[in-house]
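Here's a walk through one protein model, written for someone who likes to know the cut-offs. Have the coordinates open as you read.

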Amino acid sequence: MTSSMVVPVIDVQYDNFKELWPAMVVAIKTSSFVALDTELSGLGNRKSLLAESIEDRYKAICHAARSRSILSLGVACYKKLSDKTADTYLVQVYNLTLLCSEEYIIEPQSVQFLVQHGFDFNKQYAHGIPYCKGNNKAASDDRGVHIRALFTELLRARKPLVLHNGLIDMAFLYQCFYAHLPERLATFTADLSEMFPAGIYDTKYVTEFEIRLAASYLEYAYKKCKLDNSRSVASGGSGPHVHVEFCQYAGHMSSYVDYRVCPSLASVEEQTDICLRFSDEKSKEDKRKKRKRQRNKKKSEGELMEDSSIVDGSPKNKVAHMEVDPDKTPDNQQGAELCHKNTQQNEGDSMGADSEGNRNSATSTATEDTNKNTNTNDGVEKSDHAANTGSEKKADAGTHRAGFDAFMTGFIFAYSCTHLRKEGAGEAVEEKEQEEDGQLWLPNCLNKVYLSGKAAPLNVVKSTFSKSSKAHIQKMEMVWGGRV
């Protein structure tokens, strides 16, 4: 297991959007499920996003979605191949650079995080795909080649939607590409249940409550699933595992592809050690920081005691009014998950600092990436190995992007489906038949969205006491001719 998996992520921007439109629509329509991820210009008040009341959280998310924007959208289309070994997927990944045509807030910490992880703001403002937020501006969401029309095609495809910690993503997607967000959470969930009749799945909820990983933030969950999958493949395929294949893009199409490398490790033992170290890295780093703060505090107190002009008349343990006690900040795990939406004050710090050193070594491996081609677009040729792409473009390892994050989200979901189905072997045949009919993937996780700090998820359902929004009803008439 010495080879590396190379994930081709197709960069989509204004100047090639029209050219790539047919391939994207076909990829969505022929997929088994679609995974999405977003990069945002900000989130506003973090404490409000973790409010005890879910309704208050929703109001804070609505405010953020109405005043901020989506900067890039990652789309990963997973198509289950019936003519291949069990649980083999053809994956097509797109990273769309977007530019909101209306005024919006962009937060400095978001800019800093994105720039540190390779986001090109010059490229966004020069070549971003324009869009307008809220309700229809010209009643053209079902026509033309633009991002709102692509979202309409996603709705029409009626595919399962997969997200990671997806409440914020769904609110931004709704506000930016669909309609003005409703005021009440119950109305929002009622709309979502009709927009995505095949179901919404949150891999944050899956990894936390179903397969119960040691940690459930995106990068660790992906690496852990990848590691377990590689172990199963190495053992001769006796355990649950998935295979992924990619298209290879030839000619000028290759200039649109950004290759993301998942480097492999020398042995399963080394993988296990690194994976365990990675899962503990966050808590260890927190402990180191806490010890450092305690040392600095004692040192500061000693210095204050020596300087009588400062200490005179002041309580010994008084803290300067501009100083903040980091131990009293919100829960780090919750903050990390919120910050995955590009305003990483917690996860950004830990993942940015820790992952830079560990990213190449900690990424789990897979050698099952014998890559296949489809003829969904001109310039796509057949190939057996994605690593031998023939492209002169440099393969980039591990930078944070919406497209690759969508791929990781989809992989977690695919592996979880296989893993949990194998655990319930008695129901495997029935579930597989239902999966093929598009009616079932993870029944215990269907329409359950993770809520930070809560023991129960948000259920995306239409209750007998809630009604759909007027804007949604009008959109449904346009999308499906009123057939909800």
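## A strand in the middle of things

Start with a pairing: Pro-8 has Tyr-259 in strand 10 as its bridge partner. This is a predicted model, where local features need pLDDT of at least 70, side-chain atom pairs count only at pLDDT 80 or more, and totals for chains, interfaces and linings use all residues. Residues are numbered from 1 along each chain as its sequence is written, and side-chain values use heavy atoms, with hydrogens and water left out. Helices (H or I, at least four residues) and strands (E, at least two) are DSSP runs, numbered from the N terminus.

Strand 1 and strand 10 (residues 257–262) run antiparallel and are joined by six bridges; two strands pair if DSSP finds at least two bridges between them. Strand 1 also has four bridges to strand 4 (residues 88–100), this time parallel, and there Val-9 has Val-93 as its bridge partner.

How many of the eight residues of strand 1 (residues 5–12) are buried? Eight of the eight are, so the strand is largely enclosed by the rest of the structure. Buried here means under 20% relative accessible area, exposed over 50%, and partly exposed in between (1.4 Å probe, protein chains only). In a regular strand, side chains alternate between the two faces of the sheet. Here both faces are covered, with Met-5, Val-7, Val-9 and Asp-11 buried on one side and Val-6, Pro-8, Ile-10 and Val-12 buried on the other.

## Two nonpolar cores

A nonpolar core is a set of buried Ala, Val, Leu, Ile, Met, Phe, Trp, Tyr and Cys residues joined through side-chain atoms within 4.5 Å. The largest one has 83 residues, and Leu-96, Phe-177 and Phe-188 touch the most other members. Helix 7 (residues 167–177) supplies the largest share of this core, nine residues. Another core, of 42 residues, lies apart from it and includes Val-244, Phe-407, Ile-412 and Cys-417.

Back to Phe-188: ignoring residues up to four places away in sequence, Phe-188 touches Tyr-58, Leu-167, Met-170, Ala-171, Tyr-174, Leu-181 and Pro-182. Contact means heavy atoms within 4.5 Å.

## Two buried serines

Ser-469 sits in the loop between strand 13 (458–459) and helix 17 (470–480). Its relative accessible area is 12%, so Ser-469 counts as buried. Leaving out residues up to four places away in sequence, Ser-469 touches Tyr-174, Pro-182, Thr-187 and Asp-191. With Asp-191 there is a side-chain to side-chain polar contact of 2.7 Å. A polar contact is a pair of N or O atoms within 3.5 Å; within protein, one must be able to donate a hydrogen and the other to accept it, and residues adjacent in sequence count only if both atoms are side-chain atoms. A polar atom of the Ser-469 side chain also lies 3.2 Å from the backbone nitrogen of His-472.

Ser-67 is in helix 3 (residues 54–67) and counts as buried at 15% relative accessibility.

## The whole chain

Zooming out, the protein has 17 helices and 13 strands, and 56% of its 484 residues count as buried. Among contacts between residues at least 6 apart in sequence, 82% join residues at least 24 apart.
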